Amino acid sequence: MSIRKPWFLCGADFPDIFIDDFVEKAVIPPVFVSDFDTKKFSRMVLGALSLSLEEKTRIFDSLPTLSLFQCDELEKVFTDETSSFTNLPDEFPIVLRLSAASVIGAYALALHRGAGTADVAEETAMIQAMGSAKRKSSKRLQGFLKTMPRHQPVVDYVYGETQLRHSGAPEIPEFLRQGI
């Protein structure tokens with residue numbers, strides 16, 4: 001059985017510069033675990049579609065006290081989650097919304113924890129570059145986007161053209177507050 005690459009944005013798509021800054025400024029690695037890949041783990045948590053910002057914050061806050069077993073189990077859960085979402089055949093609009101909200105939330109969490117950038121233009125450019133790169137590399141995503149109705153502000157913001165569709169911009173914070 002071949003493993004499908006995610007067609008939606010996930011932790012692996014975050015720019016290295018963003019992850020490096022996040023790990024350096026916002027993450028305390030587990031004290032009791034040697035050889036822990038903090039960058040990989042941070043990508044998985046930040047890209048997790050099923051976790052709220054509050055849950056992601058709790059994971060990062062508890063990370064210094066986690067055991068190797070707990071870290072390994074969390075990584076398995078995040079890997080399984082990405083695989084499950086990748087293979088959902090008919091739920092792509094929901095997955096796109098979750099993915100877009102997760103990416104925007106990751107940038108907000110980074111800023112809250114003292115990492116990332118407060119420059120909205122720079123953050124917007126990084127997010128849209130992620131979406132553009134994924135859109136270009138995934139034929140499955142291209143097909144899904146063609147069937148999506150317009151005026152879905154969060155999806156348009158992340159996966160849309162390289163310019164922000166200003167008509168939808170005011171709805172983004174409301175979308176994140178409401179959840180899915």
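Which residues does S50 touch, not counting residues up to four places away in sequence?

S50 touches E55 and E81, where a contact means heavy atoms within 4.5 Å. The residue lies in the loop between α2 and α3. Helices here are DSSP runs of H or I with at least four residues, strands are runs of E with at least two, and both are numbered from the N terminus. S50 is partly exposed, with a relative accessible area of 48%. On the cut-offs, buried means under 20% relative accessible area, exposed means over 50%, and partly exposed is in between, using a 1.4 Å probe and protein chains only. S50 and T82 are 32 residues apart in sequence, and their C-alpha atoms are 9.7 Å apart in space.

A word on what we are looking at. This is a predicted model, in which local features need pLDDT of at least 70 and side-chain atom pairs count only at pLDDT 80 or more, while totals for chains, interfaces and linings use all residues. Residues are numbered from 1 along each chain as its sequence is written, and side-chain values use heavy atoms, with hydrogens and water left out.

Now the overall layout. The chain has 9 helices and 0 strands. Of its 180 residues, 47% count as buried. Among contacts with a separation of 6 or more, 76% come from residues 24 or more positions apart.

Next, the interior. A nonpolar core is a set of buried Ala, Val, Leu, Ile, Met, Phe, Trp, Tyr and Cys residues joined through side-chain atoms within 4.5 Å. The largest one has 31 residues, and F14, F18, F22, L46 and Y107 touch the most other members. Two or more residues each come from α1 (16–26), α2 (38–47), α3 (53–62), α4 (68–86), α5 (92–112) and α6 (120–137). The largest share, 6 residues, comes from α5. Taking L46 as an example, its contacts beyond four places in sequence are F14, F18, I19, F22, K56, F60, S102, A106 and L109. Apart from this core lies another, of 11 residues, with F8, F92, V95 and L98 among them.

What about α5 and α6? Their axes come within 11 Å and cross at roughly 145°; axes are lines fitted to C-alpha atoms over the stretch in contact, and angles run from 0 to 180 degrees between N-to-C directions. On the α5 side, V103, I104 and Y107 meet E123, M126, I127 and M130 of α6. By class, that contact has 6 nonpolar, no polar and 1 charged residues, with Ala, Val, Leu, Ile, Met, Phe, Trp, Tyr, Cys and Pro counted as nonpolar, Asp, Glu, Lys and Arg as charged, and the others, Gly among them, as polar.

Last, D21. Its place is in helix α1, and D21 is buried, with a relative accessible area of 17%. The side chain of D21 reaches the backbone nitrogen of G116 at 2.7 Å. Leaving out residues up to four places away in sequence, D21 touches A26, A115 and G116. D21 and T117 are 96 residues apart along the chain, with their C-alpha atoms separated by 9.5 Å.

Key: A polar contact is a pair of N or O atoms within 3.5 Å; within protein, one must be able to donate a hydrogen and the other to accept it, and residues adjacent in sequence count only if both atoms are side-chain atoms.
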